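User: I would like the terms used for this model set against their definitions. Please give the cut-offs as they come up.

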Amino acid sequence: MFSAAAESFLRQAREAQPEELQRFAARVAAQLQGPEPGPEAAACLQRLHLVVAASKYPRRLDGEIVGLLQKVLCSSKCPEQIQLLCAAILREMSPCNDLSLSCENIQDTKLLSLVSSVLLAQGDKKAEVATVGQRIVKVLEGRLPEGQSSRYLLPVLSNVISLSPEALTEEQTNVVSKKMADWLRYASIQQGVAQPSGGFFSNPRTRQPGPVTEVDGAIATDFFTVLSLGQYYTEDQWLNMQAFSMLRKWLLCYGSKGLNAPNSGGRSEMDESVMSMVSAASTSSHLLPPKERLREKAFEYCQRLIEQSNRQAVKKADGDLQKACLIEAVTIMDIICKQDSSYVYRAAAFLKVLHSRISSDTTYARALLPIAQFFLNHGEMAAVDSDAIYRHLFTDIPAQLFHNASLAFEFVLFCKENSQLFTETSSIFRQSFPNLFKFLAWNSPPLISEFVDLLPFLLDAGTAIEIFHLLLDLPCLTAALDVQMRSTSASERASCDPTVKPATCLEAFRHPLYKSAFQYLLRIESAPEDSPERLIPLRQLLGSLASSPRVVQCADTVPVLLELFFSVVAEFADGPLVNQLVVLLLQRSDQLYEIPAFKDDVHSVLSSQLVMLCKLHPALVVELSKELLEFSGTVSNIQNKEAVFTHVVWAIGEYMSVSYDKRCTVEQINRFFETLEAVLFEVTQVRPLASVPSYAPRAITALMTALTKLAARSQDLIPRVSLFLSKMRTFLQSPAVTSAYCEEDREEILTRATELMNLLKMPSVAQFVFTPSVDAARTRFQKEVNDTLPSALRIVTRLLEPAPGFVPG
């Protein structure tokens, strides 16, 4: 965060009006037009840069000040600080119509770098990117004047290939590739010479520079890399480090380009591989084409970095640099092997040893991702069994480092980008999904987008049921991970007495009563044979953490993933799997973590997905009649999970029909009718001297509609439901009911009862409306969404009770 003074400066800069800006720009112009801009001019330029850069809206300066900034920028007599500030202001104003800069005739590399940065910031309206790129390559190709340095140009070149890789020609890329190979391999291993300060105590006698050292302090005996340390660096050492920093980008853009060009002499791919294999071991590597020679030197460089990473760093910063360079080196090796398969065998053997060395050290966890990526890409060619590498990656790392946010993102992104490969080559990926969900449980908001893409690859007929349970228990998993982390803390480690029931989550973590439940919830691999019912007491125990922000954030992601889960499962689910999901849906609707908003959201999703499952497999209503009868016959379900109850009742009324399943019998219809009739009677029973429970109007209308549908298919039931519907007006007019329901709700219930009763006065029409043939069931006329009635009900009502002025055609 900014300090109060910095916040004040930023606020003033943002609030500066255009008139104030122009007046201040005039003062800056006066300072710059002096004989030699000094400290006061630099201070004014700093303030001008702040005003221009502080606002997200573009600031405009008139053409005179823009021209003056360009003139000062290109002046050889101007101090370097002034030039840097002028370039920064011009970049912030980009794109700028008054710009007249050109890099064509600039010889000074520092100035060329500054001018190029301004030109590249303008966009590519005048093909400036190609012009800058070609100029940079031309300067790099030639011999620089004394005192000039190429290292100011490589960042610009890196920017050019990021903006427009096609800006460079094949000939130009060959020039740079040749130079990069030399920079990488032939930098000096002697330290640079310190520049004398010119002060009174400066020593006129130059001290002989010593050799560079390794990170552990030993003298470096091999060639120079970014992990070679020195107090001062030479020009070629700076170029070595810069070349490595842009090596990956360069290889991706140009490493394989032109391999099959006409000037290659018509060699086949095998000839190229054989030549590369021979040349890699050859001492006459200068005879190789530039791109192949760069690959060879880059491969050697990466090998050296990996060897250097084995040294024990004296400083922590050097240790962090080792790990970063190790990741980059393995990634570059992978790219090289993609471009030339002759390197695969050497790289595979090298990386296998590396994996054995670092796999037990969690500080190197991020380096395991590019190693796994390499074997995923090349393991088959290298004839290497990579399952041990994948198993360690998917079992150990998420379980130990789920709380590392940056690693979690990289890990899940790695899984997402390689999902197709993993599902085709290794079963470990799907087996380890409980471990992967630990990343999501602990880092929910940042990872939800990646998991939306990842979840379809984890789902199949074998994992669907277990993933369904895991999604519903995801907030509970977050709470369990929190307990696990706190339990490993020495300050909170407590002794466990098996004879005493634990009072807190921390005590329960090691208690025999809850130990197996924690182990199941925190499992690292799929365990479909285990029973999720063991988590019921654990959900109650972890209720004390339900208000934790991390748990609440995780709970917010579950509805999104549940909807995705059902949409994916619908693509491959057969009848038995659909039936199993519906049974679990009913069971789990009251076995959720105690977060009220979470339960409401999950019930909403489950109810809507029940409709989808019924449409997918309508026979489930007959096949699961026992489970549906038990659920719909429980009155408490209306208040505890009204959305699910309403949709179950709708499904019974809609699909308990011979039109959907020939196994549907009159006895089954009567059994469902009696169950729903008893529930509706209980709901609408007015008891004297007692308050009437307020049940959702939607549930009441759904019950009435379902009973009417069932009666239309077993017409002996019509008198019973008609009598019941005729009493609804009396029920709704009782004082106890009028106090429990608003007028709008009462009107909705009464209207539905009237429409249904009118329809039953014409049994043949009711039978057509509610018991259609299979073909008629698919027409638009018969479609019904949830508990709303088809338009036929309103038509019949208008026929039986015509409004004034209504004349039937």
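User: Which residues are in contact with F518, leaving aside its neighbours within four places in sequence?

Analyst: F518 is in contact with A480, V483, C505, A508, F509, L538, L541 and L542, where contact means heavy atoms within 4.5 Å. This is a predicted model: local features need pLDDT of at least 70, side-chain atom pairs count only at pLDDT 80 or more, and totals for chains, interfaces and linings use all residues. Residues are numbered from 1 along each chain as its sequence is written, and side-chain values use heavy atoms, leaving out hydrogens and water.

User: What makes a set of residues a nonpolar core, and which have the most contacts inside the largest one?

Analyst: The members must be buried Ala, Val, Leu, Ile, Met, Phe, Trp, Tyr or Cys residues joined through side-chain atoms within 4.5 Å. The largest such core has 264 residues, and F437, F518, L542 and F565 have the most contacts inside it. Its largest share, eleven residues, comes from helix α28 (residues 549-569).

User: Why is V621 called buried?

Analyst: Buried means under 20% relative accessible area, exposed over 50% and partly exposed in between, with a 1.4 Å probe and protein chains only. V621 has a relative accessible area of 0%, so the residue is buried. V621 lies in helix α31 (residues 620-623), a helix being a DSSP run of H or I with at least four residues. Not counting residues up to four places away in sequence, V621 touches L628, A651, I652, Y655, M656 and F672.

User: How do you know that the length of helix α17 agrees with its number of residues?

Analyst: The expected span is 1.5 Å times one less than the number of residues. For the 15 residues of α17 (residues 387-401) that gives 21 Å, and the end C-alpha atoms are 21 Å apart, so the two agree. Among the buried residues of α17 are Y390, F394 and L401, and what covers its buried residues includes α16 and α18.

User: What divides the lining of the largest pocket into nonpolar, polar and charged?

Analyst: Ala, Val, Leu, Ile, Met, Phe, Trp, Tyr, Cys and Pro count as nonpolar, Asp, Glu, Lys and Arg as charged, and the others, Gly among them, as polar. On that basis the lining divides into 13 nonpolar, seven polar and eight charged residues.

User: How many helices and strands does the protein have?

Analyst: There are 42 helices and zero strands, a strand being a DSSP run of E with at least two residues.
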